[in-house]
Amino acid sequence: MNSTARRSGGGMLEGLYRVIMRRNSVYVTFVIAGALVGERVVDYGVHKIWEQNNVGKRYEDISVLGTRQSE
């Protein structure tokens, strides 16, 4: 077996790796964009979970029954 033979295809992940790692500016842009998108997704998910767990307990959910409306 020839251990020095290389695959010419490489696969999709290897191609994506080569595109991202080719230049430093592309890598930095990819990292920053990924961080911003990830932060938005995590923030949205945590907010939805918090809303589900606190329905009826929030300030907006308190009914004002004891006050009199102007007649």
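Mentor: A salt bridge is a side-chain nitrogen of Lys or Arg within 4 Å of a carboxyl oxygen of Asp or Glu. This is a predicted model, where local features need pLDDT of at least 70, side-chain atom pairs count only at pLDDT 80 or more, and totals for chains, interfaces and linings use all residues. Residues are numbered from 1 along each chain as its sequence is written, and side-chain values use heavy atoms, leaving out hydrogens and water.

Trainee: How many salt bridges does a search of the whole structure find?

Mentor: One joins the side chains of Glu14 and Arg18 at 2.8 Å, N to O. Another joins Arg58 and Glu51. The search of the whole structure finds two.

Trainee: What is the N to O distance where the side chains of Arg58 and Glu51 meet?

Mentor: Side chains of opposite charge can pair when their charged atoms come close. Arg58 and Glu51 meet in a salt bridge, and the N to O distance is 2.3 Å.

Trainee: Is Glu51 buried or exposed, or partly exposed?

Mentor: Buried means under 20% relative accessible area, exposed over 50%, and partly exposed in between (1.4 Å probe, protein chains only). Glu51 has a relative accessible area of 21%, so Glu51 is partly exposed.

Trainee: Which class does Arg18 fall in, by relative accessible area?

Mentor: Arg18 has a relative accessible area of 44%.

Trainee: Which class does Glu14 count as, at 30% relative accessibility?

Mentor: The same cut-offs apply to Glu14. At 30%, Glu14 counts as partly exposed.
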